[in-house]
Amino acid sequence: VALDRAAAILRSQGINNALINIGGNVMALGSKDGRKWRVGIQHPRQPGPLATVMLDDGEAIGTSGDYQRYFELDGRRYSHLIDPRSARPVDHTQAVTVLIPAGAQAGTLSDASSKPIFIAGPDGWREMARKMGSELVLRVDRDQRIELTAALHKRLEYIGQPPAITVIP
């Protein structure tokens, strides 16, 4: 809701080119000097981005992860994301990034869809993404293995040595 509201306020004030970043959720308005906005996808366990993606006007990207909001106890990391089926913090996923095409409520959808996909885990993330209409998804599992949809893979530019990835249709 916050991204879409911020975009509406900026547009109502005549600001048509901006990059809005609210807590891991980003929305592109217009362009940067006529070029698409380029944003990074944070690696959950290393400094700097894993990859970058170019965003068109109105597209939004949201990430849910266990690397900014968590606590550690006895050397174990506990995520702020809770699986409602077990009432326990999720430990099978480090991060999920979802890119939502331009459209009504793209910002809200980028934020709202990353969480259930994160919680769905290794066996259910792709089906959950389909149910939510999300075709541009990247998931990093607890062992830092990267799975992503073919649609998002086509749009990413990896930083440095490309990581070992599994592309899922």
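How many aromatic pairs does the structure hold?

Reply: The model is predicted, and the structure holds 1 aromatic pair. The pair is formed by F71 and Y78, whose ring centres are 5.1 Å apart. Their planes meet at 15°, so the pair is stacked, because planes under 30 degrees apart count as such. As for burial, Y78 is buried, at 16% relative accessibility, whereas F71 is partly exposed, at 48%. Another ring, that of Y70, has R77 over its face, at 3.9 Å from the ring centre.

Next, the sheet. It is open and has 7 strands in the order β1-β2-β5-β10-β11-β12-β14, and the pairing is mixed. The edges are taken by β1 (18-22) and β14 (165-168); each has a single partner strand, so one side of each is left without a neighbour in the sheet. From one strand to the next, the twist averages 15°.

In soluble globular proteins, nonpolar side chains tend to be buried together. Here the largest nonpolar core has 21 residues, of which L55, I61, L138 and L156 touch the most other members. Two or more residues each come from β2, β3 (37-42), β4 (49-55), β10, β11, β12 and β13 (156-158). Of these elements, β4 gives the most, with 4 residues. A second, separate core has 20 residues, including A6, I117, I119 and W125.

Leaving aside residues up to four places away in sequence, I61 touches G24, N25, V26, V39, I41, V53, L55, T97, V98, L99 and S110. Among these contacts is L55, and both I61 and L55 are listed with the core members that touch the most others.

Terms used
Residues are numbered from 1 along each chain as its sequence is written. This is a predicted model: local features need pLDDT of at least 70, side-chain atom pairs count only at pLDDT 80 or more; totals for chains, interfaces and linings use all residues. Side-chain values use heavy atoms; hydrogens and water are left out. Rings of Phe, Tyr and Trp (its six-membered ring) pair if their centres lie within 6.5 Å; planes under 30 degrees apart count as stacked, over 60 as edge-to-face and the rest as tilted. Buried means under 20% relative accessible area, exposed over 50%, partly exposed in between (1.4 Å probe, protein chains only). A charge sits over a ring if NZ of Lys or CZ of Arg is within 6 Å of the ring centre and within 35 degrees of the ring normal. Two strands pair if DSSP finds at least two bridges between them. Axes are lines fitted to C-alpha atoms, for helices over the stretch in contact, and angles run from 0 to 180 degrees between N-to-C directions. A nonpolar core is a set of buried Ala, Val, Leu, Ile, Met, Phe, Trp, Tyr and Cys residues joined through side-chain atoms within 4.5 Å. Contact means heavy atoms within 4.5 Å.
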